[in-house]
Every structure is written in C-alpha cells, then in structure tokens.
Amino acid sequence: MLLLGCIKEVSDYELAISLPNGLSGFVPVTQISDAYSKLLTKQVAQGELLEELNSLPDLYSPGTLVRCIVTSIEKSDNGRRSVKLSIDPKKVNNGLTSTALAAGMLLSGSVLSVEDHGYLIDIGVTGTHAFLPHQKAKNYIKAVKKGPDLKIGQNLNCLIVEVKNEGRVVCLSIDRSEVAASIATERQNWALSNLLPGLVVKARVQKVAPFGMKLTFLSYFTGIVDFMHMDPEKSMSYSPDQVVKACVLSVHPVSRAVRLSLRPPFLHPGGAPRQLTGQRLGAVLEEATVKAFYKQFGAVFELDDGTLAFARMKHLSKTRKSFKPGAFKEGCKHKCRIIDYSLMDEMCIVSLKHQVIEARFLQHQDIHTGDVVQGKVVSLKPIGMQVKVADGIRGLVPSLHLSDVILKQPEKKYNIGDEVKCRVLECNPAGKKLILTLKKSLVQSKLPVLSNYEDAKPGLITHGFVVCAREFGCIVKFYNDVKGLVPKNELGSELITCPDKVFYEGQVLKVMVLKCEPQQGRLLLSFRLSSKPSPEDKWKCTPKEKQEVKYQIGEIVDVKILKKKDNGLEVSILEDEDNMVAWIPTLHLSDFVAASKLLWHCLREGDVLPRVMHLSDKGEHIILSRKSAVISAVQEEQVVRSFSEIQPGMLLTGYVRNVMPFGVFVEFPFGVTGLAPKVSMSDKFVTDTKDHFVVGQTVIAKVMSIDEEKQRVLLNLKVSECTSGDSAAESFALLNQYFKELKEIRNLLRRGEPSICELVPGKRMHLVVQDLREDGSALFSGSSVTGLTVTATRYHLGDKNIAPGEKRKALVLHVDALTSEVYVSLREELLKQRP
C-alpha cells in the first residue's frame, strides 16, 4: 500500500513517520535507497566512517512530506502493531515504466551520485537515467539549509521537465515554485497501477455523506475523502458537481481504493503540515466539546483554543462495554488529555481514559533523571532487566543495578509481571534511552541527585556507586554518566593499600565532592565525609604527603615562572596558599621539540603559564607538562593508570623517554612505560633509531603485547598502525596546535627581539653585502636585520657576481629565532613571484 507520510522524528537508525488517520510507521535506515544501503554495507565492511555517507539527521528534517510503501505490519507481544515502511524509489515507483513517463509528472527520487553538472537521481524505473541539473536544484538547497550540495540518499520531490529517447533519459527539477505549481493531468496518462500519493489533482464532488465524500478525478478515477481530511473551514459547504483541488493520500493496490485530502497544506506539492507546539503535548483539558461522533471510528472534539482533536473508539472509555454513545452527542463536554499529534491530519490525538489522564508519564520527555518510578518487569536478559514504566516507555535495569549486591541468579528474585520501584539513572528522550536502578540505597536515598558536573560543588555529600577499584583509588559514578575519582589517600581515615580488596563494583557509598572542573568533566571525591583536616593534622603531614592530597595527576593548574634553568623552568602554582613549587622540563613545554626550545628561549621569569597539567611527583618536585596532546588524552580518559589496565590494540599518547640503538622507550601519563623495538618504529626501514625519534617527542603508540610476569609492554610507533580512523582530522588538529604555539612564540619574541618578528618567509627587503665566504655563501647586513646573522647559500645568490658593499634585493626564506639566523635568496625567479 502506498501512502503519503510526514516525518515526525529522525534518529540515526530510523525515521518515525506520521500517517493519515492518526497512524504512524517507521522507515528503517536500510529502506532509504539502494545507493544509501550500499554505502552502509561498505562502511560496515570497512569498519570506518565514510565521508560520503551522511547520517539520517543530516539528510532529513521533521515536518517533511515523503511517499512511503508499507513493507510489513508486525505485531508485538503486547498486541501493538508496528508499521514498517520504505521510501526507496524502487519500491514506491514500482508501478512506473520508462514508457509511462511524461513531462509534468511528479514522483519520488533519491540522490544516486553527485556529478560535475548536476546529480544522477534514482527514480526506481528500470532502464531510465534521471538527471537533475545544478540550476534546477540551487533554490531547493538554499531553502532546506542542509549544506551546499544534495547528499546521497536524500529523498526528493521531483518534477519531470523533459523526457528523451522514449523514457530512457529524463531531466528533472526540484525547484520549489515549479513543484508547487504542478497538477496531475489526463495527458500524463496516470493509471491505477502507478498512481502515486502526493499528486495534486482537480476533482469533482460526486457524493457527500456524513463520514466524508466521493470524488472523481483524472477522468475515470474515483476517490474518497474521509471526515478527517475535509477542509475544516468548508466541511459543511461541499455539494455535488463542485470542482475542488485534492491531494492523493493513499492508494491500496488490492481494493483499488484511493483516499484524498482537501486540507490546504497538501494542495501544493512539497507543502508542510502545521506542527504542534511541544508544551501542548501531554496537557490535560478539563472541557473538550464533542463536534461529531462517528460510529466504529471515534469522535472529533473542539479544544479550548478552537483547534480540532480526534479520539479513537478505544480511547473514549475504559472498555467497550462501559462505552455510552449518549455521552458523545454534539455539544457534550469531556475531560481529556492530548497524547499525540497527527501531522498528516493536523489534529491532536486525545484520550478520555482515566488511567491515561492520571498517568505520570506519556513520553520520554516527561521523565527526569533522579525520578523514582513504578514499573512492571517485562523480561530478564543477560544484560539486565526490561521494565515497562508506561505505555510505549520501557527502561533497562543493567545487571549491575538489579540489587545492592551482584545477583548471580536474578530470575530467583524477579518474575515477569512483578511491580518494581526504580530510580532513573539516565534518560535520553532523543534516543529513547532510559536506564534505571533497583539498588535500594539509591532508590531510597534522600541526598541530592548529582546529574551534571555543574552541580558538583565542593563539600556536597551524595550517594554514588563504585564502577572500578584499582591501586590508584576508586572511580565512582552518579546519574547521567557523571563520574569522579576517589584517590587512594581519600578512601578512608587509614591508608588502604589494596582498594580492590575493600571495595567492589556496584557498591553504593556516600561520597563528598572535593573539587570539580565542569568544562573538563573532572571530579575529585572523598569517602572521608568529615570537613577539611584540622591545623594539627596539617602540620603532621610531610610536604610530599601534602602535595599528593592537593594535586592529583591530571589536574590542571596555572603557574608563574620563578627561575629559568638549563633543562627547564622552576614555577610556583598560582592560587596555592603554600606557594607550592613545581618543575616543567623544557621538553614538556610543547608537543613539538623545536617549539619547546623556542618557548624556553622566549619565556622570562615572572611570566604566567595557564593550563599546565600535573604529570607526576617523582623526586622533590611536582612535574608539570604543557603538551596539549598528552593533556587531551588524560582529560578524555584515553589513558592507562596502571600496568593492569593495558590491553593489546590500545592507542595511547605518550612521549619519548629514551632513544636506544635497539628501539625507543615511551613513557605515558601515570608512569607506565613501554618499548617500541627497531622493527616497529617506522613504516620506513630504520638504520639509525636517532634519525627517527628524539627525546621528549610526543607520540601515539599502539600496544602490541604485554608480559605480565616481567611487567613489559611492547609498542608499535608506525604511523600506518597508530591512527584512530580520522587521520585527516588528527593531522589538522596537530597542525592547528603547532601554528597556535608559533603565534604565541611570536608574541613573546616581540618583547625582546621585535625585529625578528617582522621577518616572515616571503618578505622582500634591501640588504648590503657584508662578506663572501669560502664555501660561496654570503653574509648581509641592513637596518631591518640589526643583531641578526643574515646568510644566502651559493645556490641562492643566483647567477650574478656580487661584491662586498653592494646593495641587493633579497627574499626571506627561513628565520631561526633560536640562533637569530635569517636565510635569504637573491634568485630572480623567486623575487619575481607575486607576494
């Protein structure tokens, strides 16, 4: 059966479609078009994202009309019917043939490919090539605002402009004004076998009945307009022989029944029905007036704002037996609740059922994180338990959350149909995702619900559950996937050496917030619920203990430079009452070794460096790092905190600690180290390891294997093995960071060496030849290069002979700020080029 539908919701995996008469259906991601399905298959096979494959939200918007064909009707366990649809032109236009195509026809098409002069469109007709020129698409693209081009899989309302070679080639237009003006005519030779929904026709009223009208159109077609699709403004004024404009809503191939609509938004192809405001959904109305009652169908009501609403028969009373027809005479008033909105009928769908009016939840948007809800057990599976919270709303209780302790046999405690009291851990209305907990300690907790990092103020005490216990401490989770770290020294009043033996996964505990960085999504917690340590405790701490409590690895601080030393900077941590002193090694000033040396050269005592990360506290000082790639890895939790967390195949960001003839030692945040042997260092053949890596260089390494007995990690540093998928984006981010740091260095240089900042590659200047060297190179001087060594190699002097004292025009090739050297060229072919 062919139907005209309107997109209601778009997710990554399906389109929710509003159908006529308050019905709805779903188009799975595999039923968009052949070309789109091929891209999906290719992406799954390759295991990486394809640039040309756009997600459904990038292609489709709610409120768009689409032609659909019913592929199946599935009945669920609870008796509900699910209508599966397809918008694939091959299925929708199945009745069309090449010879049947005519200019002026309106049909569905899907973008097959993007070409130089336009687009190839799949119209689902075998033996026909359809082309859409750019000129005929530009207005549509501008109006839809989905990017500069049409995308593969995009569904279009296409108007045939020209038919060539007996239908083998057709030229299309999707220009909104041309499509809107199109009307199906007899000349287009439409037949019942290929009649499409969405066509606008001129029809003649044949018969007017209480439930609707009978129309004739395109000479010999007959169609029905039901009561929901008459124009509300003219519903009482239709008469036989009257000529009206109508839109084909559905075509049933077996019964040959054609249904039409006279509602204004459908009378121009490509129109969009009126949408309901979000806050109206779920509203309870004390008085809705009956406008008309239709036996076996339902009743139409007028709401408080004058709009019409429809209630199906099953929603007029609790049961069929309790239904009283007398209560639904015109003018009778009833209490009802808006439960849905039908885009295709432009009507609210209401219910008079008492249990629906009193229901706490109608849709996922009504449920909030932390709500305590009553539900019914639907099924028990290895991943957890499904709970029905309301009609059409189901949640998952993960196996970890079935009880305060881990249940090995949950089926002994719970039975299908049991009523259970849960608490909402996470609710995502867009993805229709609902995660619940049955842990009594969480369900009955009177403490505040922590569902976002912004609410995690220091001193807040709340309940959380342990998701990981390791030697470094415990990771504790709250609501909406908010999580934080309880470091080892905050696990209890006495030092706990083996946290994994004291705490278990899923354990609910009270925790106190010590520190929170909302933007980074970082949370520092404590199981010690008392306030800050007393002055006596503070004096008892050794300086080492004090700094461990204060600054955890991965913490971001701002620092001020106290002293510049040969191999790094001695700094003080700002906003620290004890003026804590820390150390930044020169090679940790940047991800780029050259930039690290330049930064050290430009920085002065007293300068402030923002956003530096606590890397380790080996030796007498806290060690800090300014490497942005390492900081990002720690903040995004793409790190291992101990040897036991390492798994083969992991991609980890670290820095070269040592370069040996047999390989490279790489260190990662939290002190884990590994070795990349000579054979796994580079995609090229390695003769000398020092030609490939230098100490301090930031690298991404892939874990090849681990030896638990010897606590050894073998790594791979080959670029071909160490990309996470989007290598172009990674490279661009690194390049962007490099230029950002160069800009910072240039600003620092302006303070002491302003002249060197003005010299950029490509700049032209006049210089005086100062000296000629034995190797053929020359030295220059000039007012703009005072204090700098300016050199041109023999090659860059060109063909002309030069002598000391001569004035020459030169072009800057390279500036080395570290050695104050400038390299220039006198070659004519370079100087002639436009700047």
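Which residue in strand 44 is the bridge partner of Met 765?

1. Basis of the model. The structure is a predicted model, in which local features need pLDDT of at least 70, side-chain atom pairs count only at pLDDT 80 or more, and totals for chains, interfaces and linings use all residues. Residues are numbered from 1 along each chain as its sequence is written, and side-chain values use heavy atoms, with hydrogens and water left out.

2. Five strands form a closed barrel in the order 41-42-43-45-44, with mixed pairing. From one strand to the next, the twist averages 55°. Strand 41 (residues 764-772) and strand 44 (residues 807-816) run antiparallel and are joined by five bridges. The bridge partner of Met 765 in strand 44 is Ala 810. Strands here are DSSP runs (E, at least two residues), as helices are (H or I, at least four), numbered from the N terminus; two strands pair if DSSP finds at least two bridges between them. Angles run from 0 to 180 degrees between N-to-C directions, with axes being lines fitted to C-alpha atoms.

3. Gly 298 stands opposite Arg 312 of strand 18.

4. Residues 104-175 are 10% helix and 47% strand, with the end C-alpha atoms 13 Å apart. For residues 459-528 the content is 6% helix and 50% strand, and the end C-alpha atoms lie 11 Å apart.

5. Pro 410. This residue lies in the loop between strand 23 (393-398) and strand 24 (419-428). Pro 410 has a relative accessible area of 17% and is therefore buried (under 20%; exposed is over 50%, partly exposed in between, with a 1.4 Å probe and protein chains only). Pro 410 and Gln 135 are separated by 275 residues in sequence and by 64 Å in space, C-alpha to C-alpha.

6. Nonpolar surface patch. Leu 735, Phe 739 and Leu 742 make a nonpolar surface patch of about 270 Å². Patch residues have over 30% relative accessible area and no salt bridge, and nonpolar side chains are joined within 5 Å; a salt bridge is a side-chain nitrogen of Lys or Arg within 4 Å of a carboxyl oxygen of Asp or Glu. Accessible areas come from the Shrake-Rupley method with a 1.4 Å probe. Phe 739 belongs to helix 13 (residues 727-752).

Conventions:
Patches are made of residues with over 30% relative accessible area and no salt bridge: like charges are joined within 9 Å, nonpolar side chains (Val, Leu, Ile, Met, Phe, Trp, Tyr) within 5 Å.
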